[in-house]
Amino acid sequence: MQYKTDDGTPPPASSYYCIVGFYAIGVLIATCVFDLFFYVEYLHDLRTQPLNGEYDYIIVGSGTAGSWIATRIPSDNVLILEAGPNRNGLMDVPLFLPLLQGTNYDWHYQTEPQTQSCWAMNENRSRWPMGKVVGGTHMLNNMIHFKADRKDFSNWFETNAMLDRFMEFFEHDLWSNVERGFTTELGHVFIDAAKSLGFTEDEFFHPFVTTRHGRRWTTAHEYGTVHRPGHERMTNILVERVIVHAGIAQSVLVSRAGQRFRINARNGIILAAGTIGSAKLLLHSGIGPQSQLGQLGIETIINLPQVGKNLQDHISTGSELVLIRNPLNLHPVDIVHPKNVFHYFTGNNRESSLSFGGCEAVGFVSFGGNYTSDLQFMVLPAGLSSDGGVHLRKILNIKDSVWHDYYEPLLRMGQSVVTILPILLHPKSRGEITLRSSHVRDAPVINPNYLTSYEDVNVLIKGIRLLQKITQQPPARKLGLEFNPKPFPGCTMQPFDSDAYWECYVRSVTHTIYHPVGTCRMGSTGADSVVSSSDLRVHGVQNLFVADASVMPGLPSGNPNSVAMAIAEYFVRSNFPPSSVMPEK
């Protein structure tokens, strides 16, 4: 299936160069603008110092969980520390989210080489964009708001009372800043095709996204609207370690532009630096597996063998797997068209692709497991090759040989593609995060051990088979959806469309969905967990807490940003009297 112009001829080669040129110039301009914003903020922050040397509470990280806690904590003497700069208004345009990945607002993490996955990536490594900015990784990711079900958390807590407290976030709809986003015909067709197979509107639907009037809206945005006298937020400052004395967390050691100093906390230090950041900070503070810390010359303060363990991530497959005959009006000229821009900056933002939150339809499928869903679909109206190979293939780390053999020919033919990702929601494979060295600015060793369990491969193959059925339904056929008939490089020795072929494909095209969790899991003892499930306090240390996605014992059956909010709310409700907590807006 090849795209043709109105007179039936293939598109001219000039169209290929127009697409490449448009995105090359656009990415260059965006990168320069973002760099300018970054360095302006950085130079401004060099002149700022904390007003006090001691606070009631110190919150490390201003992402989803950290900003939620800052909004709700019943204290007017709080310091929030963020390693990155403040955000800028350009970041709030949803369509620009991929442009932030790979910039100074990103930690630039990547995994260790994988043996059972990521075969189509350079050195078999998966790149893990993580937000280094006020707002955290939510500033870099899609904005799907997932309303979780109690069934998924039945083994997270020791008592029903704890589970009830956690579920109050969802049952009372404490986060109301959600909207329906921009959609193309693809989203409607995908949902209709799934319904043709017997799925319901509760299983396949247009998701809510965390936007406000078409602009990205995070918990950091919400914190900026509340009046919290006595709160300070310092940006572009790195927390190197937590200082523990006599079993009590007393202060943090921070650095900025070569200067290091301590800041004390009277009542508590709350780590909300994310699945990588919180585990890394604990390890540098001497809290973790004694044997690993000793090898790096780090004194063990508390021997907690589970720090950095239990790493899990939602992974998917399927880039350029589905072709489409009918264009979706998302070509470069459509994006910059004055009408499209006008809609975005007026009250009609749902009609503008600039408000696209990264996903226009989702589907949830259960294979009869212990969770509400085992597989998720995410539908995007473009593919990895849609930007001409300028940016997306770099942030996904695709090998040049794979790009030239599989992806680029589609682009040169003018073939339109869409992305429908089957996502593994509850992987059996487990990884870990360890320190590379004792130097705090060195990136950690990230090894997710993707697809080391064959059960994970099997679920993704089931997802591909189901996607084949969906694309064969009348609504999908009418739109011109079709599976890519070209065998994937490195898998040509297997019979095309056999389970063996799809196993090779899944192990080659292994995409993170940017949802890592679990490295500081909660539980009952220091032998099997890092923090207590009753109040998220670090085992063996007073006044030290972790409250972010790292404490999740497992992955939820959907996008975890809302669950990170629920974790933050659970922390507040578990450690402060209800009457003292700041009211929801």
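Contact here means that heavy atoms lie within 4.5 Å of each other, and by that criterion L81, leaving aside its neighbours within four places in sequence, is in contact with I58, I59, V60, G61, S62, M234, I237, V239, V252, V254 and I263. This is a predicted model, in which local features need pLDDT of at least 70 and side-chain atom pairs count only at pLDDT 80 or more, whereas totals for chains, interfaces and linings use all residues. Residues are numbered from 1 along each chain as its sequence is written, and side-chain values use heavy atoms, with hydrogens and water left out.

**Nonpolar cores**

- A nonpolar core is a set of buried Ala, Val, Leu, Ile, Met, Phe, Trp, Tyr and Cys residues joined through side-chain atoms within 4.5 Å, where buried means under 20% relative accessible area, exposed over 50% and partly exposed in between (1.4 Å probe, protein chains only).
- The largest such core has 91 residues, of which L81, F166, L282 and L544 touch the most other members; helix α16 (residues 561-575) supplies the largest share of this core, nine residues.
- A second, separate core holds 79 residues, including L99, V189, L354 and I398.

**Annotated positions**

- UniProt positions are given in the numbering used here, with feature names shortened, and the annotations may be inferred rather than shown by experiment.
- In an unreviewed entry, UniProt lists residues 55-315 as "domain: Glucose-methanol-choline oxidoreductase N-terminal"; the end C-alpha atoms of this span lie 40 Å apart, and the span is 23% helix and 25% strand.
- Under "binding site", the unreviewed UniProt entry lists V133, T137 and V239.
- T137 is found in the loop between β4 (127-128) and β5, and T137 counts as partly exposed because its relative accessible area is 21%.
- Not counting residues up to four places away in sequence, T137 touches P129, M130 and G131.
- V239 has its place in strand β12 (residues 238-245) and counts as buried because its relative accessibility is 12%.
- With residues up to four places away in sequence again not counted, V239 touches V60, L81, V252, L253, V254 and L281.

**Helices**

- Helices (H or I, at least four residues) and strands (E, at least two) are DSSP runs, numbered from the N terminus.
- Helix α7 (residues 274-284) is mostly covered, with nine of its 11 residues buried; among them are L281, L282 and L283.
- Just after α7, G286 takes a positive phi of about 85°.
- The axes of helix α13 (residues 454-471) and helix α15 (residues 499-508) come within 10 Å and cross at roughly 110°, which means that α13 is roughly perpendicular to α15.
- Axes are lines fitted to C-alpha atoms, for helices over the stretch in contact, and angles run from 0 to 180 degrees between N-to-C directions; those under 35 degrees count as roughly parallel, over 145 as roughly antiparallel, 65 to 115 as roughly perpendicular and the rest as oblique.
- Where these two helices meet, the α13 residues include Y454, V457 and L460, and the α15 residues include W502, Y505 and V506.

**A three-stranded sheet**

- An open sheet of three strands runs in the order β5-β8-β6 with antiparallel pairing, and its edge strands, β5 (144-145) and β6 (179-180), each pair on one side only.
- Two strands pair if DSSP finds at least two bridges between them; β6 and strand β8 (residues 208-209) pair in the antiparallel sense over two bridges, and F208 in β8 is the bridge partner of R180.
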